[in-house]
Amino acid sequence: MSNPFVRIVEPLDPKQPLKKFFNLSKLGDGRYAHLPFSIRVLLEAAIRNCDEFLVRKEDVENILNWKVVQHKNVEVPFKPARVILQDFTGVPAVVDFAAMRDAVKKLGGDPEKINPICPADLVIDHSIQVDFNRRSDSLQKNQDLEFERNKERFEFLKWGSQAFKNMRIIPPGSGIIHQVNLEYLARVVMDQDGYYYPDSVVGTDSHTTMIDGLGVLGWGVGGIEAEAVMLGQPISMVLPEVVGYKLLGNPQPLVTSTDIVLTITKHLRQVGVVGKFVEFFGPGVAQLSIADRATIANMCPEYGATAAYFPVDDISIGYLIQTGRDKEKVTCTKKYLEAVGMLRDFKNSSQDPDFTQVVELDLHTVVPCCSGPKRPQDKVAVSDMKKDFEACLGAKQGFKGFQIAPDRHNSVVKFNFEGSDFELAHGSVVIAAITSCTNTSNPSVMLGAGLLAKKAVEAGLTVKPYIKTSLSPGSGVVTYYLRESGVMSYLSQLGFDVVGYGCMTCIGNSGPLPESVVEAITQGDLVAVGVLSGNRNFEGRVHPNTRANYLASPPLVIAYAIAGTIRIDFEKEPLGINASGKKIFLKDIWPTRNEIQAVERQFVIPGMFKEVYQKIETVNKSWNALDAPSDKLYTWDPKSTYIKSPPFFDGLTLALQTPKTIEDAYVLLNFGDSVTTDHISPAGNIARNSPAARYLTSRGLTPREFNSYGSRRGNDAVMARGTFANIRLVNKFIDKQGPQTVHFPSGETLDVFDAAERYKQAGRPLIVLAGKEYGTGSSRDWAAKGPFLLGVKAVLAESYERIHRSNLVGMGVIPLQYLPGEDAGTLGLTGRERYTIIIPEKLKPQMNIQIKLDTGKTFHAIMRFDTDVELTYFRNGGILNYMIRKMAS
């Protein structure tokens, strides 16, 4: 077996490609033992794939000297082995590919050069919604409605799978992309013509990092960047710092992996790991299953890191066997990893690498917890939930406040549901969803939820009928072991029937609440609650009528559903009183770790994985029946409201246009901190009074046919109108939440799209002002494409989340960052000024540029093009323009 790692061979010639500098033969001499495992994989990918990468001798020496390289600007071209996509980001990617083929043909090139070079797997998991629940046929009815709404999108994707090589589509109803990747797609070690090297992946979903729990280096990128990777372009990045996260001790008996990850999320947000790798080590890692590790790695975007890596160990190898992978391949995988020194023993401290920084967590200190009410990093111990929520009620409007007047804290609204009378109050649970890739991939918490449901039913407890309960497993395997272990019927009795295989409530596909519930919430202006086993709870994401949303483990989701309110102290107050008048407390029905593990050992077996995945590409009869065109160029339907040729390449020429200074730009929006991609590019329902709704109505559609923003990502006309359309948007120009802004020339308050259109008609460029962590959340390419189409030329922020900054670069929108110690406040910026951004002729990465205001004030900001490659994209007007010119010439 070949060893992909390297040792320096003298002499070095800085004019030669990187591969010429290395002898790919020997790692066993210990030369690289001090490097973090994640960095070894990253360098291997660069060395294996990037012949054009030139490197200076001193940079190579810096890579070897990890203590030095952390302070050096060493650029590495990462070329992952695979790309994964989901349908919300996959549809616009295939739309772009189809439009790029048209553009290459117009420029005289071969359109079939626009084709994935590396394997690309697209899993359809974002389309299904919880329209039906609490009935035995919920799954089938939701799937039927999914196909009714999305038939055109699915036909388009099926065309893409036939028109493009190396692209595989996993049909709807198969599971969530990251769980399918973990259980089926991931190789851990690639075998290409007898040459072995570590598996690596990027995906068009921020939670691609989940696969890091299995020892596969991967992270989320925007659809734009993924398209470039699929076409053979490496991701150029500055070699990251690596924070070592040392785990010690054993978790307490009542603690779940969800509690551990919420604790880690809060901790690492405080440490500050944006743009860094996190690598886990220490004896505590050996106490975690692969599902536990995957849960922690999955929520990497919530603590802001690029990757959250667990090196491969014997538990990883055991997982490959448990999930039904080919035994001979698993044997070769283990031998290869042993040969190159990459099979980790977490109990052996002599193998601990050198890290930029080391932080520790004693797993024994973790307590059961939730996170909320508006951000994943706002962890609250379960014992403090009642007190914390009540404090949030009266606190100032913000991440931990709703500003409810004290005399209204105990307001109650009576309502009738299906002939019975009920009451809602602040803190009432109206959505309880076991959902998302984060937890439904983990047998321990899923079986824990099932066992808790069994004990609850046997104790005589029920869930109020108006609460929207749902169970959306991450794969068919989950349903298999829940059914075989005998707990599925108890989950159904509490209302947690399987409603579909997909992201569902976690991404806002929660479907409608009962009308009487919505009326009660509106009448009382109540802070109603959603409890979900998801990874994000940003405002306006889960449901428009749940102002508070808490992330919790699947067993706690059921517990809060039974309680019916978040305002309960489980230690002092009963979950409910059964028909015999007995008080039942949570401790009475909470399953022990030993109970859960015994059931898991008996029922989570290799055979079920093989049975589910051997038919995954053919099991969906509706998908099999779809009739898709076979032409290599797509025939666009001008009447379509789902699939539309985007205007990104209109007027594109082979000749480059020199970037020009942005003169007299108006500020479209003025934001504070933590503006998410949900705020910028919503994925949920299309509000009936929105610009997108008016557009769809003009095309003859009724509100029932609007579907969601996520489902219409293949149509730029809808998505441009949906940009900054989140009902929870907080714009400093407006004194209330909502998707509006001030059009300064007229002084009118308008919907954001309408204001942008007026500026565009007048030929006025636009910018956006923002605070810290701009663009946090999902890896939505439309969060960059939308502002681009609105005429936004630059964003000026205090800091950026990694993926969104990359997406802005990909669309040619300039990410500007205040100098250290400066912000809008210190510079006295109101956003009502006009901004001239000076673009010098000679550009270099992260250079300071000058900004002049119409008030006469001048200041400087950092142009956040971090590498020379990103500057090349900017000069081309974005990554896709660069790739079209490259293919056409």
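Here are some notes on this predicted model, going from the whole chain down to single residues.

1. Overall build. The protein chain has 32 helices and 34 strands. Its radius of gyration is 26 Å, close to the 29 Å that the globule rule gives for 889 residues, so the chain is as compact as a globular protein of that length.

2. Burial and surface. Of the 889 residues in the protein chain, 64% are buried. The accessible surface comes to about 31,700 Å², and carbon and sulfur atoms account for 48% of that surface. As for contacts, take those between residues at least 6 apart in sequence: 76% of them join residues at least 24 apart.

3. In soluble globular proteins, nonpolar side chains tend to be buried together. Here the largest nonpolar core has 287 residues, and Phe280, Tyr560 and Tyr774 are the ones with the most contacts inside it. Helix α4 (residues 87-106) gives the most to this core, namely 11 residues. Apart from it lies another core, of 11 residues, and among its members are Ile686, Leu696, Phe706 and Tyr709.

4. Tyr774 up close. Which residues does Tyr774 touch, not counting those up to four places away in sequence? Its partners include Phe671, Val675, Ile680, Phe724, Val768, Val795 and Ala797. The list also takes in Ser799, Tyr800, Glu801 and His804.

5. Ser674. You'll find Ser674 in the loop between β26 (662-670) and α24 (677-680). Ser674 counts as buried because its relative accessibility is 8%, and under 20% is the cut-off for buried. Setting aside neighbours within four places in sequence, Ser674 is in contact with Arg375, Phe399, His679, Lys772, Glu773 and Thr776.

6. Helix α13. The buried residues of α13 (residues 385-394) are Met385, Asp388, Phe389, Cys392 and Leu393. Looking down the axis of α13, these buried residues fall within an arc of 145°, so they line one face of the helix. Lys387 and Ala391 are exposed on the other side of α13. What do the buried residues of α13 pack against? The elements are β16 (369-371), β17 (379-381), β22 (529-532), β23 (548-551) and α19 (554-563).

7. Helix α22. In α22 (residues 606-613), the buried residues are Met608, Phe609, Val612 and Tyr613. They cover an arc of only 115° around the axis, which puts them on the same side of α22. The cover over these buried residues includes α6 (177-185), α11 (314-322), α16 (476-484) and α21 (593-603).

8. Cysteines. How many disulfides does a search of the whole structure find? The search comes back with 0. Take Cys300: the closest cysteine sulfur to its own is in Cys437, 12 Å away, which is too far for a bond. Cys300 is buried too, at a relative accessible area of 0%. For Cys370, the closest cysteine sulfur is in Cys369, and the 6.9 Å between the two sulfurs is too far for a bond, given that a disulfide needs sulfur atoms within 2.5 Å. Cys370 is buried, with a relative accessible area of 0%.

9. Cys369. This residue is found in strand β16, one of the elements that the buried residues of α13 pack against. Cys369 counts as buried, at 0% relative accessibility. Leaving out neighbours within four places in sequence, Cys369 is in contact with Asp259, Leu262, Thr263, Lys379, Val380, Ala381, Val382 and Leu556.

10. Gly576. Strand β24 (residues 576-577) holds Gly576. Is Gly576 buried or exposed? Its relative accessibility is 16%, so Gly576 counts as buried. Not counting residues up to four places away in sequence, Gly576 touches Leu461, Lys582, Lys583 and Ile584. From Gly576 to Glu822, 246 residues apart along the chain, the C-alpha atoms are separated by 53 Å.

Notes:
Residues are numbered from 1 along each chain as its sequence is written. This is a predicted model: local features need pLDDT of at least 70, side-chain atom pairs count only at pLDDT 80 or more; totals for chains, interfaces and linings use all residues. Side-chain values use heavy atoms; hydrogens and water are left out. Buried means under 20% relative accessible area, exposed over 50%, partly exposed in between (1.4 Å probe, protein chains only). Helices (H or I, at least four residues) and strands (E, at least two) are DSSP runs, numbered from the N terminus. The arc is that of the directions from the helix axis to the C-beta atoms. Contact means heavy atoms within 4.5 Å. The radius of gyration is taken over C-alpha atoms; the globule rule is 2.2 Å times the number of residues to the power 0.38. Accessible areas come from the Shrake-Rupley method with a 1.4 Å probe; for residues, only the protein chains shown count as cover. A nonpolar core is a set of buried Ala, Val, Leu, Ile, Met, Phe, Trp, Tyr and Cys residues joined through side-chain atoms within 4.5 Å.
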